[in-house]
Amino acid sequence: MFAHWKRKIATLSGALLLPLAGVVITAPAASAASVTASCVKTSDWGTGFEGKCTITNGTAAAITSWKVEFDLPSGVSITSSWDSVRTSSGSHYTFTNASWNGSVSAGATASFGFDGSGSGWISGCKVNGGACDGSGGGVVDTQAPTAPANLSSTGKTSTSVSLAWNASTDNVGVTGYDVYQGSAKAQSVTGTSATVTGLTASTPYTFTVKARDAAGNTSAASNALTVTTDASSAGGGGGSKVVGYFAEWGIYQRNYHVKNIDTSGSAAKLTHINYAFGNVQNGQCTIGDSYADYDRAYTAAESVDGVADTWDAGALRGSFNQLRKLKKKYPNLKVLWSFGGWTWSGGFGQAAANPAAFADSCYNLVKDPRWADVFDGIDIDWEYPNACGLNCDTSGFGSFKNLMGALRSKFGTGNLVTAAITADGTSGGKIDAADYAGAAQYVDWYNPMTYDYFGAWAQTGPTAPHSPLTSYSGIPTPGFYSDAAIQKLKSKGVPASKLLLGIGFYGRGWTGVNQSAPGGSATGPAPGTYEAGIEDYKVLKGACPATGTVAGTSYAFCNGQWWSYDTPGTIAGKMAYAKNQGLGGSFFWELSGDTTGGELITAIKSGLG
């Protein structure tokens, strides 16, 4: 779950990184006005390389979007990219413009970069369907996509309407869709769904959708759809879901058990528990820790209901049995089994190759007769689809949508299907790498991980809050804050009601810091109980109390240490934001970080109402 947002660092011993003139694919002047692309290997260190492609609009008119595609030889792959949206199918890679660099005036250029592994280089380069050098059909495409079909509404509120439609086709490729509210363009998206917000209650609105290709050709309009928004609700905006992660390994060093959820008062405030984590291996859902999950015998004193586990044949023990007892005590509480996480996401790429088989394995495990009554659904924590986390995934832009679609088909509407997803709000970042908008139709909600933006993996700083709600002057990475992620997901068509705001019940910190305000230098991570650079809120509130706030969260400076973490006060502000944005509620990582009296979960519950 902890996503270390590390920037790319190339540390090479004995390797001289130099631009290589011999591996340039140039774009000579074409005989006709054309859009061309020049791709160059800017650095090469033997086992990998960095490349850059520059698109030049040689026509007399502006273009509104572009697409570059090429092939790589066996054993060579693209591991990361920037200033573009990357998809792949086998060794064929496609790059389309980011939201901000698709428009290229006549005679102007745009560019994107990428990192690769292996020693080969690209071939078969095309831009907007024609050869990158302007020969053999590189003249601007003039054929428009087909009109989107079957425009329909997938949900509505008093102020929003969610829409979906069938994908258009094109001779080169569809790059986006424009959603119209009457005759005015409401928004542009890359997927086949959108949510139009800012509407008036009890009012009819008519919508159409048009498709665009890389050359800027626009299709005819889809069928017109009229939807009347719901009547205004007196209860105000936003949902009241309170979802907490329970870490299976917490029963060891942390000595945090299911019973603690009850005695802390947290169980009465939770709507859902995500049990973390199941593993993903060989394309299947598998058990994470059998001893913790269903084998550890709890004594009467340790048990939720005061009854000891037995060793009878077929008897369920461990945290699963304790969760069963907790649900009996709190009948409205739902439990989901979460699979993946930071360490166990490496198996999702193989799972995405056969989504139906993966979904079957997950269903059979979650609904195993020994504990079928414990779980009300499944939560997927893939870090990250078609992008890099602990490992790099290259399964393609549509892999996440396909995976979630298979899970929904298998689990049906009677079970919950949710996902923890990236909160990278940067242009061309992790949100742009996968079809989260397209997959939204299959999930009950998303948990964008709006924390771990900054931390002491950058050992010398600058110090920065790990969970900023908004941007602030001096933020190390623009787009690394909660509101940027929420707005980007909403702009892609993910309904606000399907987004929960993430809260960390811990802080991240540096040592060797000589200033209280954010932005100071450091010498390394601050000491932590279980891991350097991270500490539970229940420890920090006394050991290093908050000394200031920035971007909607707290920070603390004490004895040369600088920490950032949320407090009941900053959580109240974040919950007000969640309600104002119409979000579905909040989730947090994880239960054992709170105080014995549940200070932080109380603030979440009170803030959501």
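In the predicted model, the disulfide between Cys388 and Cys392 is right-handed, with 110° about the S-S bond. The sulfur atoms of Cys388 and Cys392 are 2.0 Å apart. Cys388 has a relative accessibility of 22% and therefore counts as partly exposed; Cys392 is also partly exposed, with a relative accessible area of 44%.

The count of disulfides comes to five. Another of them joins Cys285 to Cys362, again with an S to S distance of 2.0 Å. The torsion about this S-S bond is about 65°, so the link of Cys285 and Cys362 is right-handed. Because Cys285 belongs to strand β20 (residues 284-286) and Cys362 to helix α5 (residues 355-366), the bond ties together parts that are 77 residues apart in sequence. Cys285 and Cys362 are both buried.

A further disulfide is formed by Cys544 and Cys558, whose sulfur atoms lie 2.0 Å apart. Here the torsion about the S-S bond is about -130°, so the disulfide is left-handed. Cys544 sits in the loop between α10 (537-543) and β29 (548-550), whereas Cys558 is in strand β30 (residues 553-558); the two are 14 residues apart and link distant parts of the chain. Cys544 is buried, as is Cys558. With the bonded cysteines of the protein chain numbered in sequence order, the pairing reads 1-2, 3-4, 5-6, 7-8, 9-10.

An open sheet is formed by three strands in the order β11-β12-β15, with antiparallel pairing. β11 (149-156) and β15 (193-196) are at the edges and each has a single partner strand, so one side of each is left without a neighbour in the sheet. From one strand to the next, the twist averages 25°. The antiparallel strands β11 and β12 (residues 161-166) are joined by five bridges. In one of these strands, β12, Leu163 is the bridge partner of Ser153.

The second largest pocket has a volume of about 1,000 Å³. Its lining consists of 40 residues, and those nearest the centre of the pocket are Thr96, Thr175, Gly176, Thr190 and Gly191. At least two lining residues are supplied by each of β6 (84-89), β7 (92-97), β13 (174-181), β14 (184-189) and α9 (482-491). The largest contribution to this lining is that of β13, with five residues. By residue class, the lining of the second largest pocket comprises 23 polar, nine charged and eight nonpolar residues.

Key
Residues are numbered from 1 along each chain as its sequence is written. This is a predicted model: local features need pLDDT of at least 70, side-chain atom pairs count only at pLDDT 80 or more; totals for chains, interfaces and linings use all residues. Side-chain values use heavy atoms; hydrogens and water are left out. On a 1 Å grid over the protein atoms alone, a cavity is a set of points where a 1.4 Å probe fits but cannot get out, and a pocket is an open set with protein on both sides within 12 Å along at least five of seven lines; lining residues have an atom within 4 Å of a point. Grid points are joined across faces, edges and corners, and a volume is the space filled by probe spheres set on the points. Helices (H or I, at least four residues) and strands (E, at least two) are DSSP runs, numbered from the N terminus. Ala, Val, Leu, Ile, Met, Phe, Trp, Tyr, Cys and Pro count as nonpolar, Asp, Glu, Lys and Arg as charged, and the others, Gly among them, as polar. Two strands pair if DSSP finds at least two bridges between them. Axes are lines fitted to C-alpha atoms, for helices over the stretch in contact, and angles run from 0 to 180 degrees between N-to-C directions. A disulfide is a pair of cysteine sulfur atoms within 2.5 Å. Buried means under 20% relative accessible area, exposed over 50%, partly exposed in between (1.4 Å probe, protein chains only).
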